[in-house]
Amino acid sequence: MRLAREDLFRLIEPLLPLVEKPSRYLNHEWGAVEEQPGPFHACLVYPDAYEVGQPNLGISILYDALNGADGISCERCYLPWHDMADLMRERHVPLLALESAAPLASFDLVGFTLAHELVATNIVETLDLAGIPVRAADRAEDDAIVIAGGPSVWNAEPLAPMFDAILLGDGEDAIVEIAACVRDARAAGASRENILLALSRIQGVYVPSLYDVVVDDTSTRWGYAVPRDGTAAPEVVLKRCVADFASTPACAGHIVPYMSIVQDRLAIEVLRGCARGCRFCQAGMTYRPVRERPMEQVVEASERGLAETGYDELSLTSLSTTDHSQCAPMLNQLDERLSGRGIRVSIPSQRLDSFGVDMANAASGSKRGGLTFAPEAGTQRLRDVINKNVTEEDLERAARNAFEHGWRRVKLYFMMGLPTENDDDILAIPAATHRVLEIGREVVGRGKKSKVQVSASVAVFVPKAYTPFQWAGQLEVGEVERRARLLLGANTDRDVKISYHDPRTSLVEGALSKMGRAGFDLVLAAWRRGCRFDAWTSEFNYDAWEAAAKELGYDLPSIASEGFPLDARLPWDHTSPGVSKGFLQREWRRAAQGVTTPDCTRDSCVGCGVCPTLGVDNVAWGERA
């Protein structure tokens, strides 16, 4: 039964002295919107701890959009940490929204951000704490409509049973349309079933309950989804895409927290989309096309946002910030406008060439922290396979430029387990890292006084939906560990630090990335065994996941390592970011041949299908360097 809307902070307040970081649960941060009058109440949930979710730019954008719409009030909610969650269960306190302290279960619309696959058990935990039935099929007529969106919707099938609807793609306009649809339908007395039917008519909205799963000889073992007869649901749900990015607010209302958070700075999204075409990168395929924000808008929004929040750091965010055609003059203008104010400008996405270093120099001013490059693979052969389109010479020139301009710490990102990878590719990772260190020593000198530090972080490759590698199997844990020993054994210099990610965390991520709707049983079984906050190294419990899988007759390693036939119908084929399956198949074949594909914003169209399918175009405000 849906709970009444009332302020229940009196139930939380006595618990605050008993938990760590009580400021996670306080309202009235600077910039937060007070509960607004109106008949329709929405709540956006980031299903992780406050300090992780509070700086999420997507939440900020949607929060502003909903609160700017007539008759809609929007609040936020984050997942309490273990100590608070345990106390809330013990004392029968439901999960509350942050602004009004009203029960989450009292809202009309509840929206979750799917940031990554390992958030799965946190969503179960959130719904359970709120008293909202975990399965959408179990919800009553007046229960909240529970939706999801975000970067990890592209195989949402293992989570689909929890959601009434899932938004694919850009949310600024769509979230208001969704809220208005639910509001108006409820005001007209529509049934829950008819509300979901109405939502399915909105472009970009996928309603899982309107689709049946079919397993046959054309599919993988997880089957594929088809619309149920009589629903008129689309066979393929196309993503929502904002064609005119410049028409959206450049500076979402930023809320200044009371406590330290993971990204405590002002963030301005300077462009959306990336066309470099890295074959492992889901975001690069699903956020197409490229849409830049004009320089003047970025500079003006940065000044205004810094003045309103008091931050001393500005982050120019995107998938590829230094690809912005106006990056250099933009940074020059910001330097002029912010000069003498002690404000640091950061570029989180760093290009692996000298231009990228020049832009990092322009952004950092006199401050030289660490510089990060992502070669992804150690050999040119493997970089061609993944379409990285950078060379060893690019890396060496960038490193030399960095050290000559005062940088002393360089971090390199690589992946292990990429398709066609062999031992020579693994051994090339420490070799490349050592070469960067030697360049630093050549430029700066040797010894501790030089302060030159080079490190390499090696992630386990996880194949993702809507990439050319979606048909690949993941490297098995035993083989990851063998290659990791080879990697670490080849590091002969104590000044080089090499680390690699936990392969078991990647194994669970990989299994969830491949499974269909039946995967929800695994998520639920893992949560019942205590799994939550799985993305936190300190909290991840592989044994519980493995036991949950065995309980259901699943073998996690075989699920993650399974390759799919190129012509198989996949669990996510009924959703689409606009990239054609034919293009992805062609890229898979080009990868096997080691043939690269150019960036269409610098070259001609590569035929990915996004622009004609969605009726959009790349938007750049100048020539891209």
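The legends below describe close-up views of a predicted model.

**View 1**
Leaving out residues up to four places away in sequence, Leu-199 touches Ile-145, Ala-165, Ile-178, Cys-181, Val-182, Val-205 and Val-207. In soluble globular proteins, nonpolar side chains tend to be buried together.

**View 2. The second largest pocket and its lining.**
The volume of the second largest pocket is about 330 Å³. Its lining is made up of 23 residues. Phe-9, Tyr-25, Leu-26, Ala-97 and Leu-98 are the lining residues that lie nearest the centre of the pocket. Helix α1 (9-12) and strand β2 (72-78) each supply at least two residues of this lining. The largest share, 3 residues, comes from β2. By residue class, the lining of the second largest pocket divides into 16 nonpolar, 3 polar and 4 charged residues.

**View 3. The largest cavity.**
The model has 7 cavities of 30 Å³ or more. The largest cavity holds about 70 Å³ of space. Its lining consists of Leu-114, His-116, Glu-117, Ser-152, Asn-155, Pro-158, Leu-159 and Leu-512. Of these lining residues, 4 are nonpolar, 3 are polar and 1 is charged.

**View 4. The second largest cavity.**
About 60 Å³ of space is found in the second largest cavity. The residues that line this cavity are Gln-54, Asn-56, Ile-59, Ser-60, Tyr-63, Arg-76, Tyr-78, Gly-253 and Ile-255. The largest share of the lining, 3 residues, comes from α3. The lining of the second largest cavity divides into 4 nonpolar, 4 polar and 1 charged. Strand β2 also supplies residues to the lining of the second largest pocket.

**View 5. Helix α5, largely enclosed by the rest of the structure.**
Helix α5 spans residues 120-130. Because 10 of its 11 residues are buried, the helix is largely enclosed by the rest of the structure. The buried residues are Ala-120, Thr-121, Asn-122, Ile-123, Val-124, Glu-125, Thr-126, Leu-127, Leu-129 and Ala-130. Gly-131 follows α5 and has a positive phi, near 80°.

**View 6. Helix α4 and part of what covers it.**
Helix α4 covers residues 82-90, and in this helix His-82, Met-84, Ala-85, Leu-87 and Met-88 are buried. The elements that cover these buried residues include α1 and α5. Just after α4, His-92 has a positive phi of about 60°.

**View 7. Arg-441, a buried arginine in helix α14.**
Arg-441 has its place in helix α14, which runs over residues 423-444. The relative accessible area of Arg-441 is 14%, so this residue counts as buried, the cut-off being under 20%. Not counting residues up to four places away in sequence, Arg-441 touches Arg-446, Asp-493 and Asp-495.

**View 8. Arg-529, in the loop between α17 and α18.**
Arg-529 lies in the loop that joins helix α17 (519-528) to helix α18 (542-551). With a relative accessible area of 41%, Arg-529 is partly exposed. Arg-529 touches Ala-544, Ala-547, Ala-548 and Glu-551, again without residues up to four places away in sequence. Arg-529 and Asn-541 are 12 residues apart along the chain, and their C-alpha atoms are separated by 9.5 Å.

**View 9. Cysteines in a structure with 0 disulfides.**
The model holds 0 disulfides. For Cys-327, the closest cysteine sulfur belongs to Cys-274 and is 14 Å away, so the two are too far apart for a bond; a disulfide requires sulfur atoms within 2.5 Å. Cys-327 is buried, at a relative accessible area of 3%. Cys-531 is also buried, with 2% relative accessibility.

Notes. Residues numbered from 1 in each chain as written. Heavy atoms only, no water. Contact = heavy atoms within 4.5 Å. 1 Å grid on protein atoms, 1.4 Å probe; cavity = no way out; pocket = protein on both sides within 12 Å on 5 of 7 lines; lining within 4 Å. Points joined across faces, edges and corners; volume = space filled by probe spheres on them. Helix = DSSP H or I, 4+ residues; strand = E, 2+ residues; numbered from the N terminus. Nonpolar A, V, L, I, M, F, W, Y, C, P; charged D, E, K, R; others polar. Buried < 20%, exposed > 50% of the residue type's maximum accessible area, 1.4 Å probe, protein only.
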